Amino acid sequence: MKRKCALEALKYIQDGMIIGLGGGSTVAYLVEYLSQEKKDIQVVTPSYQTAQLCLQYQLPLLPTWSVDNIDIAFDGCDEVDLNLNALKSGGAIHTKEKIIAAMAKQYVLLVDESKVYETLPFHHSVTLEIIPESMSIVKKQIEQLGGKVHMRSSKAKDGFTMSDHGNFIMDASFQHVKDIKKLNNDLNNIVGIVETSLFVGLVTSVISVDDAHVRVIK
C-alpha cells in the first residue's frame, strides 16, 4: 500500500519543481521512484533520514532556509480527518514540517485508509516543542485546557527528549475534543510553545490507499 501511495504521489511531480519530502517509509519509496524517473527537481526536507536517502539516490537537496516557496510537499501523519486536520506526533520534527507546509503551494499527506477519520479522534497525543524554561507553566496551562501532560523521554538518552533545535518535547493527551480549531488557537497562544503537531489549515489534500482503491481527499 505504501508503494501504491508513493506511485500515486509521483503523478503530481513535474520537472522544474522544488518539492518537500517529509519522513517515513512511504516517502522513502517516493525518493526511490523519483530517482528512477530521473525527474529534474530539487528537494527540501525536515528529515535527516530522508536527506540521507536523497544523497544516496543523488537527488539535489536545498537547505530549507534558502527557499521561501515550494511547489508541492508530501508527508505522512498519524491521523487525518475529512476536514484535513491532522496529527503528526511520532517523529517530533513537526516545527520543521510546518515551516515546509507553510511554504508549499500544495501540502499532501500520504496515508493508508486506516489513518483517515471523519473527525480527529486524538488517539495520538498532541506533541509540543517547548522552550525548556517554560516547562512548568506550559504544563499548568495545558492541564487547564483539559489535557494530560508527560515529557517525552528515551531509553537511549538520559533526561528528556530534545528537538533538533535543543528544545524539550512534551506530549499532551486530549479526549473528546469538540472544537479542533479552538484547541489549535489555545495551544498557539501559550507562551513557551514553539510549535505543535496539530496541523490545522495547512493540508491541501490527502492521498489515501487501501488494498483495492486510491482515494484523494481535498
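## Cysteines

Cysteine 5 is buried at 1% relative accessibility, where buried means under 20% relative accessible area, exposed over 50% and partly exposed in between, with a 1.4 Å probe and protein chains only. The model is a predicted one, in which local features need pLDDT of at least 70 and side-chain atom pairs pLDDT 80 or more, while totals for chains, interfaces and linings use all residues. Residues are numbered from 1 along each chain as its sequence is written, and side-chain values use heavy atoms, leaving out hydrogens and water.

What keeps cysteine 5 from forming a bond with the closest cysteine sulfur? That sulfur, in cysteine 77, is 10 Å away, which is too far. The structure holds zero disulfides (a disulfide being a pair of cysteine sulfur atoms within 2.5 Å). Cysteine 54 is in no disulfide either, as its nearest cysteine sulfur, that of cysteine 5, is 17 Å away. Cysteine 54 is buried too, at 0% relative accessibility.

## Aromatic pairs

You will find two aromatic pairs here. Rings of Phe, Tyr and Trp (its six-membered ring) pair if their centres lie within 6.5 Å; planes under 30 degrees apart count as stacked, over 60 as edge-to-face and the rest as tilted. Tyrosine 107 and phenylalanine 199 have ring centres 6.1 Å apart and planes at 15°, so they are stacked. This pair links distant parts of the chain, with tyrosine 107 in strand 6 (residues 104–112) and phenylalanine 199 in strand 14 (residues 198–199), 92 residues apart. Strands (E, at least two residues) and helices (H or I, at least four) are DSSP runs, numbered from the N terminus. Both tyrosine 107 and phenylalanine 199 are buried.

Phenylalanine 160 and phenylalanine 168 form an edge-to-face pair, 5.3 Å centre to centre with 75° between the planes. Phenylalanine 160 is partly exposed at 31% relative accessibility, whereas phenylalanine 168 is buried, with a relative accessible area of 16%.

## Lysines over rings

A charge sits over a ring if NZ of Lys or CZ of Arg is within 6 Å of the ring centre and within 35 degrees of the ring normal. Which lysine lies over the face of phenylalanine 199? Lysine 88 does, at 5.8 Å from the ring centre. Over the face of tyrosine 48 lies lysine 96, at 4.5 Å from the ring centre.
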